[in-house]
Amino acid sequence: MTASRQADAFAYRGTPRIFCIGRNYAKHIEELNNTLPGAECVIFMKPASSLVAPNEAIRLPVGVGAIHHEAELVVEIGLGGRDIRPEAAREHIRGLGLGLDLTLRDVQTELKNSGEPWERAKAFDASAPLGPMVSLTENTDLSDLHFELAVDGEVRQSGHTAHMLVGVADLIAVVSRTWALMPGDLIFTGTPEGVGPVQPGQHLKLSGPGLAGAEWTLA
């Protein structure tokens, strides 16, 4: 991804920070033979240069081993705040969308084995393709949102927020205890089972009832 494309992606969302949640679906934890998080959840961050707008080509890194797709529900913060109570979290949400947490899986395994942080495996440029946001309605049930990822027309991942270990409202509360959330902040809420490798030339499509779909081609 060129520097201009990175700048365009940043302008596309105008987001100051991207928070990502790891190990938030039990079956995904099982498929990677990981352990349940000892704390409330695993939190890591990505830079603005990781964003890729819909219909843009995602340029994958080369020579880094397996690159996996991880489909996720994404929350955009509208009203900032610190120590947000779960019952008040809904008031702080500007919109909901779908995104991908692309992961250098072999690199991540090496980093975990050596006890190092995950940034090189998770926070590389173009690692967070992001679809359009939709506003909440009075009927939006944060615990009953479905989404799926298809690769070349084949459904690879199907997620349901009811299966989250830490739900959307509680995630906002947890993150806001360490960081004062600001308007435009994004929270990638974790991925369900079904992650797997992708390669140049493939077409990725995210969709979900009541959510805006998004598509990308890998280059």
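1. Strands pair here if DSSP finds at least two bridges between them. Strands are DSSP runs of E, at least two residues, and helices are runs of H or I, at least four residues, numbered from the N terminus.

2. The model is predicted: local features need pLDDT of at least 70, side-chain atom pairs count only at pLDDT 80 or more, and totals for chains, interfaces and linings use all residues. Numbering starts from 1 along each chain as its sequence is written, and side-chain values use heavy atoms, with hydrogens and water left out.

3. Within this sheet, strand 10 (residues 146-151) pairs with strand 14 (residues 203-208) over four bridges, in the antiparallel sense. Alanine 150 faces lysine 205 of strand 14.

4. Another open sheet also has five strands, ordered 2-1-12-6-7, with mixed pairing. Its edges are strand 2 (42-46) and strand 7 (93-100); each has a single partner strand, so one side of each has no neighbour in the sheet. From one strand to the next, the twist averages 25 degrees.

5. Strand 1 (residues 18-22) and strand 12 (residues 186-188) run parallel, joined by three bridges. Isoleucine 18 has leucine 186 as its bridge partner in strand 12. Helix 5 (residues 168-178) packs on the sheet and touches strands 1, 2, 6 (71-77), 7 and 12. Its direction makes about 60 degrees with that of strand 6 (axes are lines fitted to C-alpha atoms, for helices over the stretch in contact; angles run from 0 to 180 degrees between N-to-C directions).

6. Glutamate 72 sits in strand 6. This residue is buried (under 20% relative accessible area, 1.4 Å probe, protein chains only; exposed is over 50%, partly exposed in between). It has no salt bridge (a side-chain nitrogen of Lys or Arg within 4 Å of a carboxyl oxygen of Asp or Glu). Lysine 122, the nearest side chain of opposite charge, is 5.7 Å away.

7. Two backbone nitrogens are reached by the glutamate 72 side chain: that of threonine 189 at 3.4 Å and that of glycine 190 at 2.8 Å.

8. Valine 134 lies in the loop between strand 9 (128-129) and strand 10. Its relative accessibility is 22%, so it counts as partly exposed. Its C-alpha is 6.4 Å from that of glycine 97, 37 residues away along the chain.

How values were computed: Contact means heavy atoms within 4.5 Å. Lys and Arg count as positive and Asp and Glu as negative; His and the chain ends are not counted. A polar contact is a pair of N or O atoms within 3.5 Å; within protein, one must be able to donate a hydrogen and the other to accept it, and residues adjacent in sequence count only if both atoms are side-chain atoms.
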